[in-house]
Amino acid sequence: MPSNPIPVIDLSPWTAGDRAGRKRLAGQVDRALQATGFLLLTGHGVAPQLPGRLRAAAQDLFHLPPPVKARYAQSTDRRGWIGREKVVTARSEGTWTPPDLLEVWSCAADSATRPGQTRWLPDRWPLEVPALHPLVTEYTERMRSLADTVLEVMATALDRPADFFTRHTARPNWDFTINWYPPADETGPAAPDQFRIGPHTDFGLITLLDRQPGKGGLQVHDDTDGWQDAPHMPGAITLNIGDLMARWTADRWRSGRHRVLPPSPDAPQEELTSLVYFHACAPDTTITSLPAPTGRTSYPPVRAGDYLRDKMQAIYTTG
């Protein structure tokens, strides 16, 4: 991005525990997030082979015959396999586009469980891919820990107690999707204004994304330069701010608008798989904008669960 390149943030000074190093890191994060709603995280401690192992299991799932995948189709809580023509992400910002060109495996932890206990949604996992469930379990545990670490850094950046955000994330309350973007050879040409994922902002606190680069890949929106290809760094995790965090910080940190381009005719066999972890707070958390001088725009208070539910309902088709 010409004017606001996505900053690279090394998290290792935080885990090292040096107070001065933590303070410097928090200041870097604050300055970076005021410039753009995105970061590239290094020094995060996630085993480098884990995303690849999970991605390989997901590929086995998405390449099953459609009638087999249909056995695990999304339930009423929108968890499970979600086929094509089912998601229109741009609706979340009031824009009409054709359905997104992707398939999804969606899962979550039930936030109604007691601390230390987790009930998975969905309850049924594909028997044909036995590695998927344990790998998702391992990966989401790592992402949840990383997300809480980042929230501690962010709270420190705002001169708040380290648990200012994480006191609201104690119970399992996250969403995780594996997004599969089929090749153009399979989907055919994209319709006008059709994307792999339409323009939107995410809904929760922060999103942690492990992505693959490609011609039909991620773009982020800059107020000055418009849509720009997002930089990719092997091993780095892309972080972006979601709507609830933007409201909480009163737009000190803005929710990062983004989209995923349609399959490129120049790469008709390109297929990509993204691992997307959405970190949220307890549904009954009231999000109240921080006052000036920390905040910049005051929003009416919202209940986190209501906000997320309304946004999620907007993006799914009924067909």
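This is a predicted model: local features need pLDDT of at least 70, side-chain atom pairs count only at pLDDT 80 or more; totals for chains, interfaces and linings use all residues.
**View 1. Glutamate 85 and aspartate 193 each have a positive phi.** For glutamate 85, a residue other than glycine, phi is near 70°. Helices (H or I, at least four residues) and strands (E, at least two) are DSSP runs, numbered from the N terminus. Glutamate 85 has a relative accessible area of 46%, so it is partly exposed; buried means under 20% relative accessible area, exposed over 50%, and partly exposed in between (1.4 Å probe, protein chains only). Aspartate 193, also a residue other than glycine, has phi near 65°. Its place is the loop between α6 (184-187) and β7. With a relative accessible area of 56%, aspartate 193 is exposed.

**View 2. Helix α2 packs with helix α5.** Residues 19-35 form α2 and residues 132-157 form α5; the angle between them is about 85°, and their axes are 8 Å apart. Axes here are lines fitted to C-alpha atoms, for helices over the stretch in contact, and angles run from 0 to 180 degrees between N-to-C directions. The angle therefore makes α2 roughly perpendicular to α5 (under 35 degrees counts as roughly parallel, over 145 as roughly antiparallel, 65 to 115 as roughly perpendicular and the rest as oblique). On the α2 side, the contact (heavy atoms within 4.5 Å) is made by Lys23, Leu25, Ala26, Val29, Asp30 and Leu33, and α5 brings Val153, Met154, Thr156 and Ala157. Seven of these residues are nonpolar, one is polar and two are charged. In this division, Ala, Val, Leu, Ile, Met, Phe, Trp, Tyr, Cys and Pro count as nonpolar, Asp, Glu, Lys and Arg as charged, and the others, Gly among them, as polar.

**View 3. Helix α3 also packs with α5.** Here α3 (residues 50-62) and α5 pack at about 140°, with axes 10 Å apart. That angle makes α3 oblique to α5. The residues in contact include Leu50, Pro51 and Arg53 of α3, and Leu132, Leu135 and Glu138 of α5. By class, the contact of α3 with α5 holds ten nonpolar, no polar and three charged residues.

**View 4. Threonine 201 lies in the loop between β7 (197-200) and β8 (206-210).** Is this residue buried or exposed? Threonine 201 counts as buried because its relative accessibility is 17%. Its side chain joins that of aspartate 243 through a polar contact of 2.8 Å (a pair of N or O atoms within 3.5 Å; within protein, one must be able to donate a hydrogen and the other to accept it, and residues adjacent in sequence count only if both atoms are side-chain atoms). Leaving aside neighbours within four places in sequence, threonine 201 is in contact with Glu93, Asp243, Ser255, Gly256, Arg257 and His258.

**View 5. Proline 293 lies in the loop between β14 (286-287) and β15 (302-303).** The peptide bond from alanine 292 to proline 293 is cis, with omega near 10°. Proline 301 lies in the loop between β14 and β15, and at 55% relative accessibility it counts as exposed.

Notes: Residues are numbered from 1 along each chain as its sequence is written. Side-chain values use heavy atoms; hydrogens and water are left out.
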